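Take a look at the model below. We start at the ligand and then turn to helix packing.

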Amino acid sequence: MMPPKRKLSSRIPANAASAVAYTDRAGDAPNKRSKLSKPAAKAFTKPEHPTKDGDEGDAIVTQGRGGVEQQDEDAANFDHSRPEEKTGIVDRRFYPAEMSNERCAMYNANEIPRPMGILNATLERTKDAREEIQNGEGGQAVIHWFKRDLRIRDNTGLSKASELAKKKGVGVIGVWIMSPQDWEAHLVSPAKCDFELRSVKLLQEELAELNIPLYTETITPRKDVPKRLLNLAKKWGVKNIFCNLEYEPDELRREERLVRLGTEDGINFEPCHDDCVVPPGSLKTGAGRQFAVYSPWYRAWVAHLHAHPHLLNERPMPEQNPSGFRDNFKTLFDREIPPAPETKALGPEQKERFYHLWPAGEAAAIDRISLFLTEKIGRYTATRNFPAKQSTASVSVHHAAGTLAARTSVRLARDVNSTKKLDGGIEGIKGWIGEIAWRDFYRHVLVNWPYVCMNKPFKFEYTNIEWEYNDEHFRAWTEGRTGYPIVDAAMRSLNSTAYMHNRLRMITASFLAKHLLLDWRLGEQYFITHLIDGDFASNNGGWGFSSSTGVDPQPYFRVFNPWLQSEKFDAEGEFIRKWVPELSEIKGEGIHNPYDKGGEAEKIAKREGYPRVIVEHKFARDRCLKRYKAGIGRESA
Ligand SMILES: Cc1cc2nc3c(=O)[nH]c(=O)nc-3n(C[C@H](O)[C@H](O)[C@H](O)COP(=O)(O)OP(=O)(O)OC[C@H]3O[C@@H](n4cnc5c(N)ncnc54)[C@H](O)[C@@H]3O)c2cc1C
């Protein structure tokens, strides 16, 4: 069950560069198991662009969820006998070796440029040239490239593309590219791929009603995506391409490349902020740094939105394309939606089940959020932690695929509140908006600390914790056979529905990292490869929080007691009974811990073959505290 070992790649290409904001809170301890005691300065000399000719050729090796890294020397000096290297946490088909702690510290010291900074610098450098293109002759059409924004309404990039097309008297072409290598490298779950494909189909139908084609194509080497997009633009006589930004390093670097190559080709490539309610980089501490703690960041987020209310405004709907447009671009209207690649295909039973369980597309998103706003949001704060109550919005899948913008959610919630203030009025509404703010927070984090996308914890000195790599324990956790009913119910619900309630994500993540002392990155990978709402920033943030290695985390000495969590949040055992049917006959509180309770509860558990705990709570807690302390070399978190 451990991920397979990856083949090593010897090609570790160059990095690009320019720095922006700076932080305080991450640690600076070297990686004890790294052979590199000091950063080797030579390894980190950076060219201005990813490679000498400004194009990365076939050198697409990046790291984690991102980033071409110049690490040849670093990699050579790194201790690759480390268990975390051997267990395939870094997917070496796509990424270079695990980064050292020293290198993380260099990010924090602004000695390594951040991908967002590089993109911003390129946008600034090419500004005049791109404006000239945009103000020049309009071409035959304007492209909007759909990615994680599979909707027509309240879509910044699409809205801007439509506005420009109207001004130029031309139409809009929608493009959606399936990149199987991106899905593979980013561990996207088959459920999520299927959801996206269903949403793309619905998007295509809706766009057709506006006489807008959605051109789809599968591009296998992911490095070819930028050039192919520009070639399509040239073929169709397009001068302007819009898209909405994704904030992971791989994507930011790809967009930076598109801006450069596009400008050289006389094409204006225009990435827009859309996915976050407040664009990353907008909020700074008094000292001008990126916040590393949620509460002050949230206050700044609210204040920023109160001061800039337009950020919540609905973006105008795209206009109908001119009537003759279809005749000129007839073939673009006939594109089929490709099937999922073999490695991401669902079986027929799952396909059918998820079709009903997770209706796709923006109409379904609006249905879901409307139901939540009319029936549930008022009691959200009081009920949100109880998995059996089904009291949350269940819109994360839509936020992740972009069938619903986070901005839309906040605006709609604000508009049913008793005040326009985002941090006031009805408790449930205020609380729900605060949860969407977490989504923004984790995106702001990954823009400022890109190494979190590269398999490193935000608190990178926590890399030194000695994890267990116990295959049997990992398998038991994934299959819901740990002997802790709440953990098992949660994992089985994930395996069956591709979703898990937030409280249960916290319980199971804490259990993996602290009770089993397994490397939290194995759990992070398992979640992302199984969740339908898998989202790098939120998943990484959640795992960092629960394993105490992330930004603004639980202190490491807070070890959830799964039985107490169970008694508190599933008091009647309703959720457990649903997902662990072996225990369904147990009456009363024995459901939470049948073997400990003894009597009838134990008898039923034994009879039904429910496993005993795979690790004792007290032993696990003590071991966890010892290992964390030893790993980080101090008593305090
Ligand atoms: C270990 C762990 C892993 C997680 N992985 C993901 C993930 O891959 N994708 C994902 O979307 N969320 C993730 N979350 C956050 C959260 O669990 C889900 O967003 C939430 O359960 C989705 O259900 P909902 O739409 O009913 O949420 P609601 O409670 O209705 O919240 C509304 C929206 O706010 C956002 N949100 C809520 N809680 C969080 C949070 N803690 N962090 C970030 N955004 C939040 C989501 O977009 C959500 O749809 C993770 C949390 C943990 C602890």
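How do the residues of the shell around the ligand divide into nonpolar, polar and charged? There are 12 nonpolar, 12 polar and 6 charged residues. Here Ala, Val, Leu, Ile, Met, Phe, Trp, Tyr, Cys and Pro count as nonpolar, Asp, Glu, Lys and Arg as charged, and the others, Gly among them, as polar.

This is a predicted model: local features need pLDDT of at least 70, side-chain atom pairs count only at pLDDT 80 or more, and totals for chains, interfaces and linings use all residues. Residues are numbered from 1 along each chain as its sequence is written.

Around the ligand lie 30 residues, each with its C-beta atom, placed from the backbone, within 6 Å of it. Thr392, Ala393, Asn502, Asn539 and Gly542 come nearest. Helices H16 (396-401), H18 (427-448), H21 (502-515) and H23 (536-546) each give two or more residues to this shell. Helices are DSSP runs (H or I, at least four residues), numbered from the N terminus. Domain 1 (115-448) and domain 2 (465-632) each supply at least three shell residues; their bounds come from an automatic or database domain assignment.

H23 also packs against helix H22 (residues 520-530). Their axes come within 10 Å and cross at roughly 145°. Axes are lines fitted to C-alpha atoms, for helices over the stretch in contact, and angles run from 0 to 180 degrees between N-to-C directions. From H22, Trp520, Gly523, Glu524, Phe527 and Ile528 make the contact with Asn539, Asn540 and Trp543 of H23 (C-beta atoms, placed from the backbone, within 7 Å).

Key: Contact = placed C-beta atoms within 7 Å.
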